[in-house]
Amino acid sequence: MTTEATARTVPYKEKKPFDYDPYLRQGKLPHIWCAGCGHGIVLKSLLRAIDALGWKNDDISMVSGIGCSSRTPGYVDFNTMHTLHGRAFAFATGVKFANPKLNVIVTTGDGDALAIGGNHFIHAARRNMDMTILVYNNYIYGMTSGQGSPTMPEGAVSTTSRFGSIEPPFDTCELAKTAGATFVARGTAFHAQELEKTLYEALKHKGTSVVDILDSCPTYYGRFNKHKNVSEMMKSIEKDGTISVAQAAKLPPEKTEGKIVRGILHRAERLEYCDGYQNLLDRVQNK
Amino acid sequence: MSKKKIFVQGNEACIQGALYAGCRFYAGYPITPSTEVMEQMAANLPKVGGKFIQMEDEIGSIAAIVGAVAAGEKAMTGTSGPGFSLKQEIMGYAAMAEIPMVVVNVMRAGPSTGYPTGPSQADVMQAKWGSHGDSPSVVLVPSSVQELFYETIRAFNLAEKYRTPVVILFDEVIGHMREAITIPEPGEVEVIERAKPDCAPEDYKPYEVKDGKVAPLAAFGTGYRYHITGLYHAEDGFPTADQQYIHDTNMRLVNKIEDNKADICENEELFLEDAETVVFAYGVSAKSAKFAVKELRAAGIKAGLLRPKTIWPFPSDAVEKISKTAKKIIVPEMNLGQIHGEVERYAAGRCEVQGIFRVDTEPIHPKQIMNAVLGVPVEPTVIPDVVDFTARG
Amino acid sequence: MGEAAKKQWRIEIDARRCKGCNICASFCPTDTLELKGITMDVKDIDSCIGCQLCDIRCPDFAIQVFPL
Ligand SMILES: Cc1ncc(C[n+]2csc(CCOP(=O)(O)OP(=O)(O)O)c2C)c(N)n1
Ligand code: SF4
Ligand code: SF4
């Protein structure tokens with residue numbers, strides 16, 4: 001969809017509450033997520049970004065895998081598909097390739113995207129098919145009650161790393177960039193307004209966009225790793241543990257060490273897959 | 001367009017059937033002996049404006065075709081043994097979400113990597129039970145190149161009619177055998193198009209059942225916004241935990257196929273009226289069986305052939321019927337007796353059931369079948385020099 | 001402008017959706033909200049500045065702040 005969009009004035013500046021109802025399926029709330037789970041905050045940022053773009057519900061397809069985060073499509077009034085663990089990118093590839101007019105959004109968890117779905121993830125990034133991938137990164141497997149995930153920091157406790165993880169984590173953004181994604185960004189559930197703007201840019205970008213979203217699973221990650229409550233957890237991980245691209249640029253390296261950088265980390269122009277296929281069709285059919 | 005005669009391998013006949021049926025989306029991953037299905041799709045789909053994509057693996061391939069079907073396409077993927085194993089989780093998803101699509105498995109020999117270029121019929125049970133849970137299966141087993149063309153069209157038609165994934169199961173021999181086939185003119189063979197909902201979008205329930213039929217599957221982006229999931233879901237597509245509904249849904253999914261055997265099952269029958277010994281054979285083994293039965297008849301021996309074109313749902317009625325008139329049923333298959341067990345089940349002791357099982361990658365020889373009919377002991381890996389007509393008492 | 005009266009706000013909390021995670025109250029810049037039992041409540045409506053931060057961080061679509 002071609003929208004001549006300009007960054008809009010976000011509703012909190014208008015001081016009017018944002019109306020989520022046009023994007024939600026009636027009667028499906030409350031959602032299944034635990035008290036304090038960041039997934040709902042991410043979803044709200046996404047809906048505001050979609051609204052800012054003026055996309056119509058009919059033109060959007062949301063595809064997910066399996067996990068708490070992957071329950072997102074059930075709540076939104078789009079063309080939605082809740083698929084299988086790790087496979088969302090491949091299902092989404094089929095949807096988008098079959099009908100490139102659809103705006104395809106993938107909502108996935110860190111386990112869904114980077115463990116079982118790792119292969120589909122890197123190939124989706126490589127192909128650069130126009131879709132926006134939101135990785136709800138809570139460092140843990142929420143749905144199956146708190147096992148370690150590939151983004152879990154070293155030393156973190158989970159039901160499968162009771163004495164602290166000894167594995168190095170994946171950096172979602174580095175992985176996406178290396179694999180060829182043409183838009184790579186990071187946000188957090190704490191910085192929800194910033195996330196909305198980041199998602200706006202990600203959705204607008206033509207090509208594969210990956211947004212790594214630091215998110216909170218108070219029920220498992222928080223509890224196992226001795227966070228007092230979700231607010232303290234969001235503060236220590238998402239607020240104090242991260243800095244924006246702009247801040248990072250200003251600070252000397254020793255001050256940014258150990259901090260995770262938020263914002264748009266990578267942007268590139270490359271032929272989008274469906275456009276490339278159309279070129280191929282034109283060549284073959286005009287011969 | 002005039003009737004076309006082409007000289008092609010089975011694998012190509014299959015894609016010609018798919019194109020005739022309106023398949024315009026293929027996602028795949030190469031594997032012997034099905035690779036030509038994929039390569040021919042890569043060569044032919046762009047010419048008709050269709051979409052072809054090589055995915056990162058077989059799981060991705062079947063996932064992509066489910067996505068494409070949701071977006072309104074007729075879609076297919078093809079694979080062999082190891083790839084078919086990888087696809088099983090999504091076979092179940094497609095059955096559960098009632099996604100009409102076609103999956104081709106060109107069978108190769110053995111468990112694991114086995115013998116890639118050798119034929120086999122050892123995936124027939126996997127095609128039925130490969131995915132977890134009790135899921136419905138429609139599996140076609142063509143036995144010639146021309147038939148493969150027609151059966152591929154039928155596979156797409158059955159998929160649309162019953163909103164379910166359909167498997168075409170053949171083997172390396174049929175896949176790579178070259179035969180002259182006729183491509184009928186457009187319109188000559190019935191092609192069922194996907195039904196579209198005729199209700200208003202707000203009334204659309206993607207899993208509503210009316211007169212025993214599930215609602216049509218709307219294409220994404222056409223105004224009928226709905227939800228697809230592999231979880232047990234209610235009529236509106238959203239997850240449900242209602243136990244009665246869960247029971248009813250599982251029964252409905254299986255019975256929409258089982259109750260329509262009369263429509264889905266097709267058999268070729270030869271000399272069954274007075275046959276004392278009936279050979280029940282499918283796919284490549286049926287080629288030898290047919291030859292054997294004709295030779296035996298020429299020698300005055302009352303042999304007959306029952307050849308199912310649909311192996312799942314199982315043609316139980318046909319087996320029951322012959323078990324009442326024949327003395328013996330012989331089941332030659334290139335596996336260790338997967339369908340033999342089913343035949344025994346439905347013959348239910350009314351007649352003797354004997355298997356000829358071969359897994360050395362050599363197709364079962366007509367002489368083996370003839371000797372079995374004549375009552376001569378059959379060695380599974382040895383092709384007999386002679387047919388011992390004197391053996392019959 | 002001088003004497004402009006402070007803008008007034010109305011806070012709507014949907015008790016069926018609120019799960020009492022307390023995120024909104026923790027991050028409210030003016031300490032307007034407080035948890036009562038397992039559901040969020042308004043402690044002091046007059047202190048609200050209508051910044052919408054509670055809504056934006058509410059994971060449950062449970063709180064909205066309207067200008068009066
Ligand atoms: C093939 C398969 N393996 C395992 C599972 C079990 N499973 C369900 S969700 C999940 C992990 C989800 O974690 P993540 O993707 O990080 O999402 P979250 O629940 O944390 O949002 C697992 C292992 C499954 N459903 N399917
Ligand atoms: S288990 Fe964790 S990820 Fe899942 S809903 Fe609860 S808080 Fe969220
Ligand atoms: S609008 Fe701002 S000031 Fe008012 S309750 Fe919400 S967070 Fe507090």
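**Ligand sites and chain contacts**

Mentor: Let us begin with ligand 2: the residues of the shell around it divide into seven nonpolar, four polar and no charged. Please keep in mind that this is a predicted model.

Trainee: Which residues surround ligand 2?

Mentor: The shell consists of A:W33, A:C34, A:C37, A:H39, A:C68, A:N138, A:G142, A:C217, A:P218, A:T219 and A:Y220. Helix α8 (residues 218-224) of chain A gives the most to this shell, with three residues.

Trainee: What makes a residue part of such a shell?

Mentor: A residue counts as near a molecule if one of its heavy atoms lies within 4 Å of it. For ligand 1, 18 residues surround the molecule, and the closest are A:C68, A:S69, A:G111, A:D112 and A:G142.

Trainee: Why is the site of ligand 1 called shared between chains?

Mentor: Residues from chains A and B surround ligand 1, and the site is therefore shared between these chains. Within chain A, α4 (110-116) and β5 (140-141) each supply at least two residues of the shell. The largest share, four residues, comes from α4(A). By class, the shell around ligand 1 holds six nonpolar, nine polar and three charged residues.

Trainee: What polar backbone atom is 2.8 Å from an oxygen atom of ligand 1, and why is that a polar contact?

Mentor: One such atom belongs to A:C68, at 2.8 Å from an oxygen atom of ligand 1. A polar contact requires a pair of N or O atoms within 3.5 Å, so the pair qualifies. A polar backbone atom of A:G142 is likewise 2.8 Å from an oxygen atom of ligand 1. For A:M143, a backbone N or O atom lies 3.0 Å from an oxygen atom of the ligand. Taken alone, ligand 1 exposes 590 Å², and the protein buries 77% of that.

Trainee: How do you know that B:E56 and A:R127 form a salt bridge?

Mentor: Their side chains meet at 2.6 Å, N to O. The cut-off is 4 Å between a side-chain nitrogen of Lys or Arg and a carboxyl oxygen of Asp or Glu, so this pair meets the rule. The pair crosses between chains, from B:E56 in the loop between β3 (51-54) and α3 (58-70) of chain B to A:R127 in helix α5 (residues 118-127) of chain A.

Trainee: Why can such side chains pair at all?

Mentor: Side chains of opposite charge can pair when their charged atoms come close. Over all chains, the count comes to 37 salt bridges.

Trainee: What makes up the contact between chain A and chain C?

Mentor: The contact takes 29 residues from chain A and 25 residues from chain C. About 2200 Å² is buried between the two chains, with carbon and sulfur atoms giving 64% of it. On the side of chain A, A:K15, A:P17 and A:K44 lose the most area to chain C, together 26% of what that side buries.

Trainee: How many salt bridges does the rule find across the interface of chain A and chain C?

Mentor: The rule finds one salt bridge there. C:D55 pairs with A:K44, the closest N and O atoms being 3.0 Å apart; the cut-off is 4 Å, so the pair qualifies.

Notes. Residues numbered from 1 in each chain as written. Chains lettered and ligands numbered in written order. Predicted model: local features only at pLDDT ≥ 70, side-chain atom pairs only at ≥ 80, totals over all residues. Heavy atoms only, no water. Polar contact = N/O pair within 3.5 Å; in protein donor to acceptor, adjacent residues only side chain to side chain. Areas by Shrake-Rupley, 256 points an atom, 1.4 Å probe, with all protein chains shown as cover. Nonpolar A, V, L, I, M, F, W, Y, C, P; charged D, E, K, R; others polar. Contact = heavy atoms within 4.5 Å. Buried area = accessible area lost by both parts, 1.4 Å probe.
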